[in-house]
Structure formats: C-alpha cells, structure tokens
Amino acid sequence: MPSAVAAPGLGWGLWVTRAHCRAPYWPGAASPASLLGSGLKICGLKTRHLREEKQPRWARLLQPPGEARGGPGASKIDVGEARGAGLLLLPPVRPPQGAGRPGEPSGLPRALPGEGTPGEGSSGDTATPNPARRARVCPCRCQALLYGDAEKPVETGARAAPGAAEPRPVCTCDKKPCGCQKADVNYAFLHSTDLLPACNGEITTMSFLQDVVDILLQYVVKSFDRSTKVIDFHYPNELLQEYNWELADQPQTLEEILLNCRTTLKYAIKTGHPRYFNQLSTGLDMVGLAADWLTSAANTNMFTYEIAPVFVLLEYVTLRKMREMVGWPGGCGDGIFSPGGAISNMYAMLIARFKMFPEVKEKGMAAIPRLVAFTSEHSHFSVKKGAAALGIGTDSVILIRCDERGKMIPSDLERRILEAKQKGFVPFLVSATAGTTVYGAFDPLIAIADICKKYKIWMHVDGAWGGGLLMSRKHKWKLNGVERANSVTWNPHKMMGVPLQCSALLVREEGLMQSCNQMHASYLFQQDKHYDLSYDTGDKALQCGRHVDVFKLWLMWRAKGTTGFEAQIDKCLELAEYLYNKIKNREGYEMVFDGKPQHTNVCFWYIPPSLRSMEDNEERMSRLMKVAPVIKARMMEYGTTMVSYQPLGDKVNFFRMVISNPAATHQDIDFLIDEIERLGQDL
C-alpha cells in the first residue's frame, strides 16, 4: 500500500510504496538508504535506479534540509520535480483532532491497526480504527493510472523488513461485492473540494471514483440477475418522506455523496433487466455503457472540430453509414444526432418548411401561406408537438386513417391532400411511420412516396422505432421505399440497444440543414480557421451546446459489426413471434388485431376467469378496461416484471408487449405469461 514519508516543509508528505504493496506507515526522518533497507520502492521508480552507484534524483528529493538540496534552511520540495522523479504526492487526509505523534505533519495518516513503524515490528503504536465507511483502492492500479504502464514500478526483489506485515495481493476474487481489504480513505472527513483539481487530490479522486464504479458495477450485475426485482416500488410521498432530497447551503461529505449514489440506484428501474418490457428502449449494453462513461469523461461539445475532433469525425462517418443503409447512393446527404426522436421529427418539419419557403427564416409565418402536414392517426405525438413549437399549429396537422393493423391508408392521404389544397392550404410535409409506437405498424412507404412525388410534398419517415430493422436482411423489406424519403428519423437507442439517448435525423439533400439553421456566430464559426470548416457542424443544429451521442453507437457498431446488430434484432423479433404463437389461442387471451405482428409489439387483452363467460357488451368492456391497470400495479408492487398498457381509439386498455432487450429469452416470455395469470386470476 502507499506509505507516507515525512518530508520537510511539504505538509502532507510524499507517497512511496513498499515492495509487494504493504500496508501504510511512515518511517519518520528516513534517509534514502534506510528506505531501501526497509524494502521500500518509489512509485514509478525504474529497477535500474537501485543499481546506480551515484545518488539518483529521487533520493536527493527525499533528503532532509541541508543535505544537497539547497543547503541549510531548505524546506520546500518542488511538486513538479517530485512527480518527474517518480514520486506520488499524498492528498490531504483529515484525521481526528489530536491524532498523530509529536513532530509529525498533522495531515499524515496513522498506521493501520497491527502495523508499526520500521524496526518496531507489530508492537508499535496504532491508530484507533475509524468506524466510518472506508474506500478501497489497489495501489498498483493507482500507479498504473497515474504514470502509465510503461512507468509502473517493477519488482526489485527487495525484502521487507523483519516484523513487517504480510503482503496484501491485488484483489482477484469474483465475489459480488468484493470484501477484500484495500487502502483506506476516510470519506467522512472529505468533501468535493478534496478531489481534483485540488492540490495532491489524485489518490482521493481515484479512490472516490473507484468506489462509485463499484456501486455502478454492483447495479449492472444485479440488473441481469433474474432473482432481483425489476423495480423496488415506493409511492412518491413515501420516497419524499423517507429521504431528505433537499438541496442545502453547506456541502455534504463524500461519504454522504456515495450514499446518495447508492440510494438513487436502489430505487431506479432496472431497464436492463431481462424482464423489463415497459418501453421501446430497454437493455443495457456493456460496450455502450463504457462509451457513455468515456463520453462523460471527455465532457466536450459537438459544435466545432477544434474542441471535438474525433467525435465530429465519428459523427460524419456514422451518419454516412446510416444514410447508406437507408439506400441513398454513397451515403450522400446530411444529418445530425439530436436529443431524441421528437426533436429529430421537428428538425424534419423545420427543414421541409424552409425548403418550400426559405423566407420564413427571416420573416416568420406571417410571410407565408397556411401550411398543413399529414401523418397517420397512429403516428407519434411529436408530429403535433413539432407543429405547435414551430408556429404551424396542431390544427394544421391532418390525421390520416389507418387500417386494422395500424398502417396509413394511401387513398385517404391523397383525398385529404386534395381537400386541403381546395381550401387554399399548402401541403408541405407527409410524415410516414416505420414502426408505430403501439401497434408496431409500418406505413406503405412506396405508395406514400408516389403521392408525395405527385404533389411535390416533402416525405419524412419517422423510423425512430422501426429504423433498426434496416440492419436485418430478414426484416428490412418492411421499410421498402424509405430510400425515396427526403428525411428519416432513426433512434439507435431503441431496437439497437444503444444507451439513451441516441437519435439521428438523416436528410437526403446536402447543405439544406446548414442553410436552414446557420446563424454565423463569429465567436464559434470563424471563417479563417486553418482546417476544413465543413467539420464545424454546430451551425446546422438548433442547439449550441450539443451532447456527444455518436460515440456509443460507433463503439457498439465496432464491437458488434452490422451482423451483430442483425442477430440482436432478429432475436427480438423471434421472441415477439414466440409470444404471439403462445397466446393467440390460449384461454384467457384475446389479440387486439389479427395476424402476426410486423415488429416486436404484441398487443393483447388478458381476460380474467370472471369475464370469460360474459357477453361482449358495455359492462364487460367497462370491467375489462380495469384489468390491465390493476395487473400492472401489482407487477410494480411485487417488482417481478413490467409491461405497458394503454387504450387506443375505441379499444379499452390492453397490454402492449415490446421486446428490444437482447438479454430476454423464451423463459422470460413464459414468466411474463405466468405472472399475468397469477396476478389477474382473481379480478
């Protein structure tokens, strides 16, 4: 373990490590010779230094005042020089008042129980263990992180002093959680101001972050454990009363911050759990998670190449590949990652309006005729929300009828376009859906494209949910005609399992986004930069600050390949077909629509025994409407699984099962059916 060496004038001392990572102590006014004699080595010290006859640089740094370091009265050690010599500096550790021996720097840690100073064996004074929670961090790992593998200290063969404690090996156990004894940092006396960029805050920072990672990893492992709950449900007032969530003027200790982390995850929904089927975005991909951590550590903005060079290039490469998969020759066109499918759909509406009436950018809606957009009655609500935000108005979004499977009826679309034109309105956009939210329906894109071409209307495809099927050779036919669209929304955070959020808008015409949105902010987008300005992508976005969403997708694509995504998506669709086949003729189940689902959406009613013999009348529908909500509430109370329900049109509440989690199996589908029956049989 790291050990503190009292260094004159440094205040907190220098850190060295004893061979074999022994427990901490400090040897007092030790000379370089006594350090080596005690079996100590310096962090980052090369083996050859021990064989040098002349005094090495690190040894000169450790000498007391008056010995070759500035002569009598020298009292400071230059931090940069110390680090350059391979020394690691001890961060502030605040022991209880009065701890420490006379003459010792007040901030140095005491020896661990059972550890004495050199030469004292095990009979030396020991510090009273603090009952507060302690952090655990491997010293060898610290050295690798601080200095890199090339400068990690190597084993010199030096023996430990007689009476020293036995070596503590690096943890290799597979216990969850790990209980191995490691270095101690008392978080009860530390605050965020003790972390980097605080002077000498490296060790405390790494210890704290490694403890946070421990908390996260325990949560990740539990997320895939079917014996754990999907949700530990509490009502809002219960959580508000049980914990103090309020913000205070005074800072909390790091110990309390770690407790906040544990508490937050304790009540978080395990969206990666194999039995979580509640939303379109489920699962937890390990490579995607790692990419998200890296993105947060990089903490940069996507508006210019100069501050996000790799991320900007990855966005360029990834969007081009996605456009290729849509079917645009050579991946031509443009695009951007945005904060979710709703914003991507609004971008499409914004660009379509600009394409038809570019003067709207300067003069506003008053300068142009009344516009109307068309979308199916099963489309996502974001189409109306975008119209409201852009000043077009929700009344200007005309809903087109769907067939019994939820697909837009092209003949009704054409009829409504003609009606709008006769009223003097200007049709400017048709938003088709590839994978509706509830039924998972795919609109007939080829027929819709023909109508849009005939009337010169911008065709947008909302493929937020269904766009992932373009990765599957078996299922991509469901998006036939998407290549004729002017723009496409595609959310990899849904079927592809990329961590939230990751949504792309793809535009077939290059340069249109830039013309529509650019504002030429001279403090960001200078025209005399020394690199290709086409990589400064921020001016084509509505946002200024833009999160790095591409790296998760890019890294997962590298890890899986297109074939890996294909296998993942095919598996989810196969599980949906398995569920459909299992319940379509099962007693107590009624399908919302006939036929095998096109996507992973399986919509059904569970009919409790008390309703199975009732006539299909208003009373039965009234009672059936209450079944799904009660079963869902019981699921959440028990924490066993989660699945969504909703009404739609004249249909009362039904279950909408969706599968996008590659961790799910046939056994999880069987469990869901059994659980629905167990929780609903008495209704």
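Rings of Phe, Tyr and Trp (its six-membered ring) pair if their centres lie within 6.5 Å; planes under 30 degrees apart count as stacked, over 60 as edge-to-face and the rest as tilted. By this rule, a search of the whole structure finds 16 aromatic pairs. This is a predicted model, in which local features need pLDDT of at least 70 and side-chain atom pairs count only at pLDDT 80 or more, while totals for chains, interfaces and linings use all residues. Residues are numbered from 1 along each chain as its sequence is written, and side-chain values use heavy atoms, with hydrogens and water left out.

**View 1. The aromatic pair Y243 and Y267.**
The ring centres of Y243 and Y267 are 5.7 Å apart and the planes stand at 65°, so the pair is edge-to-face. Y243 is in the loop between α6 (236-242) and α7, and Y267 is in the loop between α7 and β5 (276-277), so the pair ties together parts that are 24 residues apart in sequence. Helices (H or I, at least four residues) and strands (E, at least two) are DSSP runs, numbered from the N terminus. For accessibility, buried means under 20% relative accessible area, exposed over 50%, and partly exposed in between (1.4 Å probe, protein chains only). Y243 has 26% relative accessibility and therefore counts as partly exposed. Y267, at 13%, counts as buried.

**View 2. The tilted pair Y305 and Y531.**
The rings of Y305 and Y531 lie 5.1 Å centre to centre, with 55° between the planes. Distant parts of the chain are linked by this pair: Y305 is in the loop between α8 (286-298) and α9 (309-326), and Y531 is in the loop between α15 (512-517) and α16 (550-583), 226 residues apart. Y305 has a relative accessible area of 26% and so is partly exposed, whereas Y531 counts as buried at 18% relative accessibility. Ring pairs also join Y305, Y316, Y531 and Y535 into a cluster.

**View 3. Helix α7, residues 254-266.**
The expected span of a helix is 1.5 Å times one less than its number of residues. For the 13 residues of α7 this gives 18 Å, and the end C-alpha atoms are 18 Å apart, which agrees. Within α7, L254, L258, T263 and L265 are buried. The buried residues of this helix pack against α5 (202-223); contact here means heavy atoms within 4.5 Å.

**View 4. Charges over rings at F565 and Y638.**
A charge sits over a ring if NZ of Lys or CZ of Arg is within 6 Å of the ring centre and within 35 degrees of the ring normal. K560 lies over the face of F565, 5.9 Å from the ring centre. Over the ring of Y638 sits the charged end of R678, at 4.7 Å from the centre.

**View 5. D668 and its partners.**
D668 is in helix α19 (residues 666-680) and counts as buried at 0% relative accessibility. Leaving aside neighbours within four places in sequence, D668 is in contact with R226, P274, R275, F277 and A663. A polar atom of the D668 side chain lies 2.9 Å from the backbone nitrogen of T665.
Side chains of opposite charge can pair when their charged atoms come close. A salt bridge is a side-chain nitrogen of Lys or Arg within 4 Å of a carboxyl oxygen of Asp or Glu, and the structure holds 25 of them. One of these joins D668 and R275, whose closest N and O atoms are 3.0 Å apart. D668 lies in α19 and R275 in the loop between α7 and β5, so the pair ties together parts that are 393 residues apart in sequence. R275 counts as buried too, at 14% relative accessibility.

**View 6. The salt bridge between E509 and K355.**
The closest N and O atoms of E509 and K355 are 2.9 Å apart. The pair links distant parts of the chain, with E509 in the loop between β12 (503-507) and α15, and K355 in helix α10 (residues 341-356), 154 residues apart. E509 is partly exposed at 33% relative accessibility, and K355 is partly exposed at 44%.

**View 7. The salt bridge between R415 and E419 in helix α13.**
R415 and E419 have their closest N and O atoms 2.8 Å apart. Both residues lie in α13 (residues 410-422), 4 residues apart, about one turn of the helix. An α-helix has 3.6 residues a turn, so residues three or four places apart point the same way. R415 counts as partly exposed at 39% relative accessibility, and E419 counts as partly exposed at 29%. A network of salt bridges links R401, D412, R415, R416 and E419.

Methods. A polar contact is a pair of N or O atoms within 3.5 Å; within protein, one must be able to donate a hydrogen and the other to accept it, and residues adjacent in sequence count only if both atoms are side-chain atoms.
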